[in-house]
Amino acid sequence: MKAASFARSFWGALLPTAVVFLLWLHLIWKHDYLKLSPPVRPPVWGKSYVAIYDLSDDHSNVDYYLFYTGIFGFGQRIKQADLLLFGTSHVQFGLSAQQLAQKLSAADGRPVKVFNAAVIGSSQDMIGDIVGANQIHDKTTIFDLFALNAPPPDSAPNFILRALSAHDLDAYVHVGKCWTDFWRDWLLDSLLPSLHIGNPAHHGKIILRRRFLKYTVIRDWNNGDAIAFWIPSGPVYPNWNLHAKLPIDDTFHPYATSPNGGIGRSFQSAFLQAQHLHAIYTLLPFDGSNLGIVPSDARPYVPISPEGLYTWDGSHYTGESRAIATERLFEGMGKLGLKIEPASAP
């Protein structure tokens, strides 16, 4: 009886205290929260999805899993596309599949479907894995040459994709974990702060109050285009408002230690012929891209002028610059007489 009475007294005192404490935290946080500049939280509604959430976690980049396994209909959309865009985050933020589709459709007098299949950190072996897993063939592909390096001989498959070779269930688990974490933090973000232990010598405080939401990249569900890049201090993409936007700077060479200044190689003809891929190469200008040389066998090659292009970090374009780069790519394809053939039946 004493134990039951103690338990009732304990919980009777703890629960009201916890409610008052949480309410106090909520009121303080709400006061700070309302001071933040809009958009307060990243917009993820309609035909969009969280592509990256919290870069510190190994499951944060779900594009690896979605494009490789083709779950949630991504495999079908990739196969049905007449034109695929491949590359790193440069292409993810630097080219618009929707804009290119509209331009090509108007020029050809028929619907042309374009899908942005760029993945952060992408390489030739990763692109090859996505192409092979989805049995992509008889398709036109645009490859951005940045970091497009061939894998070393006898190299192991990409460490992330290797884990997916067993079953699609792995992909569902990783994607579900990422999206669950995002929506949990999205709901809590406006209600309570995320409390962390700080170092008074560095932060001036023992308890730090931060937002629940973390780095978030949002992409279009249908064509893979980047819709938004958001960090707790504000939006980064498509509108860069945190600092002054940066023009392409050819005097700064951040990839000077990389082979050929960060410019990669063309795909081996054997790979392209085996998949019946019609390759088109381009290079989205970045800081120091003039240091490297476009491979002579990367043909046909569509150059893009860096004039009037702006980034937020020297490599990734603002939304306005993405539109300019996409327009220049379209015009360059027209000058070379490049045509996009309809996709073969899946």
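This is a predicted model: local features need pLDDT of at least 70, side-chain atom pairs count only at pLDDT 80 or more; totals for chains, interfaces and linings use all residues.
Residues are numbered from 1 along each chain as its sequence is written, and side-chain values use heavy atoms, with hydrogens and water left out.

**The parallel sheet**

- Helices (H or I, at least four residues) and strands (E, at least two) are DSSP runs numbered from the N terminus.
- Five strands make an open sheet in the order E3-E2-E4-E11-E12, and their pairing is parallel.
- At the edges are strand E3 (114–116) and strand E12 (301–302), each of which pairs on one side only.
- Two strands count as paired if DSSP finds at least two bridges between them; strand E2 (residues 83–86) and strand E4 (residues 139–144) run parallel and are joined by four.
- Strands of a sheet pair through backbone hydrogen bonds, either parallel or antiparallel.

- Strand E7 (residues 216–220) pairs with E8 in the antiparallel sense, over four bridges.
- Within that pairing, Arg219 has Ala226 in E8 as its bridge partner.
- The hairpin of E7 and E8 has five residues between the strands, and Gly224 in this hairpin takes a positive phi near 80°.
- E8 also pairs with E9 in the antiparallel sense, here over three bridges.
- Ile231 stands opposite Gly234 in E9, and the hairpin from E8 to E9 passes through two residues.
- Strand E8 (residues 226–231) is mostly covered, with five of its six residues buried. Buried means under 20% relative accessible area, exposed means over 50%, and partly exposed lies in between (1.4 Å probe, protein chains only).

**Aromatic pairs**

- Rings of Phe, Tyr and Trp (its six-membered ring) pair if their centres lie within 6.5 Å; planes under 30 degrees apart count as stacked, over 60 as edge-to-face and the rest as tilted.
- The whole structure holds 28 aromatic pairs.
- One of them joins Phe182 and Trp183, an edge-to-face pair because the ring centres are 5.1 Å apart and the planes stand at 75°.
- Phe182 counts as buried because its relative accessibility is 0%, whereas Trp183, at 32%, counts as partly exposed.
- Tyr255 and Phe286 form an edge-to-face pair too, at 5.4 Å centre to centre and with 90° between the planes.
- This pair links distant parts of the chain, 31 residues apart: Tyr255 is in the loop between strand E10 (246–247) and helix H10 (269–275), and Phe286 is in the loop between strand E11 (277–282) and E12.
- Tyr255 has a relative accessible area of 24% and is therefore partly exposed, while Phe286, at 0%, is buried.

**Around Phe72**

- Ring pairs build a cluster from Tyr49, Phe67, Phe72, Phe74, Phe115, Tyr172, Trp179 and Trp221.
- Phe72 sits in the loop between helix H2 (63–69) and helix H3 (74–80) and is partly exposed, with a relative accessible area of 34%.

**Charges over rings**

- A charge sits over a ring if NZ of Lys or CZ of Arg is within 6 Å of the ring centre and within 35 degrees of the ring normal.
- The charged end of Arg77 is over the ring of Phe74, 4.4 Å from its centre.
- Lys245 lies over the face of Tyr310, at 4.8 Å from the ring centre.

**Backbone details to look for**

- The peptide bond from Tyr237 to Pro238 is cis, with omega near 5°; Pro238 is in the loop between strand E9 (234–237) and E10.
- Another cis peptide bond joins Arg299 and Pro300, with omega about -5°, and Pro300 lies in the loop between E11 and E12.
- Asp138 is not a glycine, yet has a positive phi of about 50°; this residue is in the loop between helix H6 (124–133) and E4.
- His276, likewise a residue other than glycine, has a positive phi near 55° and lies in the loop between H10 and E11.
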